[in-house]
Amino acid sequence: KWGKIPSMLEIRESPGKGIGVFALEDIQAWTFLGYYMRTYRPHPACNPGNKYLFSFTDFDSKECGSIDAENLVFSNYVGLINDGKNINISYTPVNYQILIHANVDIKAGEELLGSYGENYWKFRGPKLD
């Protein structure tokens, strides 16, 4: 359902957030955790009402495309990483892909948390912590 999940991770209930991704073992900082797998859409082909876009900019800071996460059929487990205060993963755009890696050491049992950015929460109301 969510693609192949690395053996060091598991999907389970996240209190107050629905489903989340958790470490089954200690993970060292800078460990590669996967790709944010979705559909690439060149700008301006995206639905402007879509609230699930990870946008790319060119060297002139002009939007040139997005990863569209609205359709869950084309997703993987990385899309289940929640937003939170204690950010322990980073999203790195490289050649129209999003790479995810641990940005600190993560202990077994900890939930993987990233930052969705302030624009994400403008459409959603109060941020969950």
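As the model is a prediction, local features need pLDDT of at least 70 and side-chain atom pairs count only at pLDDT 80 or more, while totals for chains, interfaces and linings use all residues. Residues are numbered from 1 along each chain as its sequence is written, and side-chain values use heavy atoms, with hydrogens and water left out.

To start with the overall layout, the chain holds ten strands and one helix. The order from the N terminus is β-β-β-β-β-β-β-β-β-β-α. Helices (H or I, at least four residues) and strands (E, at least two) are DSSP runs, numbered from the N terminus. Of the 129 residues, 36% are buried; here buried means under 20% relative accessible area, exposed over 50%, and partly exposed in between (1.4 Å probe, protein chains only).

Isoleucine 11 has valine 21, in S2, as its bridge partner. Three residues lie between the two strands of this hairpin, and glycine 16 takes a positive phi near 80° there.

Now for the inside. The largest nonpolar core has 21 residues, and Ile27, Leu33, Ile81, Ile89, Ile100 and Leu112 have the most contacts inside it. Such a core is a set of buried Ala, Val, Leu, Ile, Met, Phe, Trp, Tyr and Cys residues joined through side-chain atoms within 4.5 Å. Two or more residues each come from S2 (18–23), S6 (63–68), S8 (89–94) and S9 (97–102), with S9 giving the most, at three. Leucine 33 touches Ile27, Ile89, Ile100 and Leu112, and its other contacts include Pro6, Met8 and Tyr77, leaving aside residues up to four places away in sequence.

Tryptophan 30 sits in the loop between S2 and strand S3 (32–35). Its phi is near 75°, a positive value in a residue other than glycine. Tryptophan 30 counts as exposed because its relative accessibility is 61%. Methionine 37 belongs to the loop between S3 and strand S4 (39–42), and at 48% relative accessibility it counts as partly exposed.

Note on methods
Contact = heavy atoms within 4.5 Å. Pairing = 2+ DSSP bridges.
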